[in-house]
Amino acid sequence: MPPSELWPSPVPLWQAAPEAVAAGLCGESAGDPSPLSGPWRLLLLGDGSPTRHLQSLTGVAVDVEVIAMEADADTGHEAPTEVSELEPPLLRRQVWLRCGNQTLAWAESWWNQAEAERHLQERNQPIWRSLTAKRAELYREVDGLALVEAPALVAGFGHPGPYWSRHYRFFRAGRELTVIREVFSPELERWLGPAQHTPS
């Protein structure tokens, strides 16, 4: 199936304070959701590859289905603020991440168009695999944590929201390459347990 048009980004219902995310915390304070459980905290705030995590959890290789990959001239309020640090013209890519018949994540990423042409020649390959070809060094910095909702995600995941989401940047040699937002299906609780820790 050929890629279609870009979807609107998920709507954030709650976002952690940037300084909390930088410290590896969930922004626990009055009015915020209860703390994330340990496994979910590692998934969302750690600097590991989500596609590797999904494959390790399920024992099934991750398939990437490209929804859309188009020029994005007006990122507007939908994009994380870090996207403004990328050099235009920009391209946005949106994908589903599946393990067998289970859709476990949705992701979108913003790129300088020249960088996208350089690194995304294999459209259905996970980004980390493209960027770490030939064992090139790469640095990931997690910038945001949020609870989001979107009708398309309900249909794709088969679970009602809200959904845990994060966004981060990849750097190489100190230079920003891309900004990536990921949204995870509640189906992952099958392997990770409940997302929110319930105090005893």
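A pocket here is an open set of grid points with protein on both sides within 12 Å along at least five of seven lines. In this predicted model, the largest pocket holds about 440 Å³ of space. Its lining draws on strands of an open, seven-stranded sheet, including E1, E5 and E6. Strand E6 is mostly covered.

**The largest pocket**
- The lining counts 22 residues, and the closest to the pocket centre are Pro12, Gln15, Pro80, His167 and Arg181.
- E1 (11–15), E5 and E6 each give at least two residues to this lining.
- E5 makes the largest contribution, with five residues.
- By type, the lining splits into 10 nonpolar, seven polar and five charged residues.

**The sheet**
- Seven strands line up in the order E1-E5-E6-E7-E4-E3-E2, and their pairing is antiparallel.
- E1 and E2 (62–71) are the edge strands; each has a single partner strand, so one side of each lacks a neighbour in the sheet.
- From one strand to the next, the twist averages 30°.
- In general, strands of a sheet pair through backbone hydrogen bonds.

**From E1 to E5**
- Four bridges link E1 and E5 in the antiparallel sense.
- Within this pair, glutamine 15 stands opposite alanine 146 of E5.
- Glutamine 15 also belongs to the group of lining residues closest to the pocket centre.

**Around E6**
- E6 spans residues 163–172, and nine of its 10 residues are buried.
- On one side, E5 (residues 139–149) runs antiparallel to E6 and is joined to it by nine bridges.
- Alanine 146 faces serine 165 of E6.
- Phenylalanine 170 stands opposite threonine 178 of E7.
- E6 and E7 form a hairpin with two residues between the strands. There, alanine 173 takes a positive phi near 55°.

- Helix H3 (residues 50–58) lies across E2, E3 (90–99), E4 (102–112), E5, E6 and E7.
- H3 runs at about 5° to E3.

Methods
Residues are numbered from 1 along each chain as its sequence is written. This is a predicted model: local features need pLDDT of at least 70, side-chain atom pairs count only at pLDDT 80 or more; totals for chains, interfaces and linings use all residues. Side-chain values use heavy atoms; hydrogens and water are left out. Buried means under 20% relative accessible area, exposed over 50%, partly exposed in between (1.4 Å probe, protein chains only). Two strands pair if DSSP finds at least two bridges between them. On a 1 Å grid over the protein atoms alone, a cavity is a set of points where a 1.4 Å probe fits but cannot get out, and a pocket is an open set with protein on both sides within 12 Å along at least five of seven lines; lining residues have an atom within 4 Å of a point. Grid points are joined across faces, edges and corners, and a volume is the space filled by probe spheres set on the points. Ala, Val, Leu, Ile, Met, Phe, Trp, Tyr, Cys and Pro count as nonpolar, Asp, Glu, Lys and Arg as charged, and the others, Gly among them, as polar. Axes are lines fitted to C-alpha atoms, for helices over the stretch in contact, and angles run from 0 to 180 degrees between N-to-C directions. Contact means heavy atoms within 4.5 Å.
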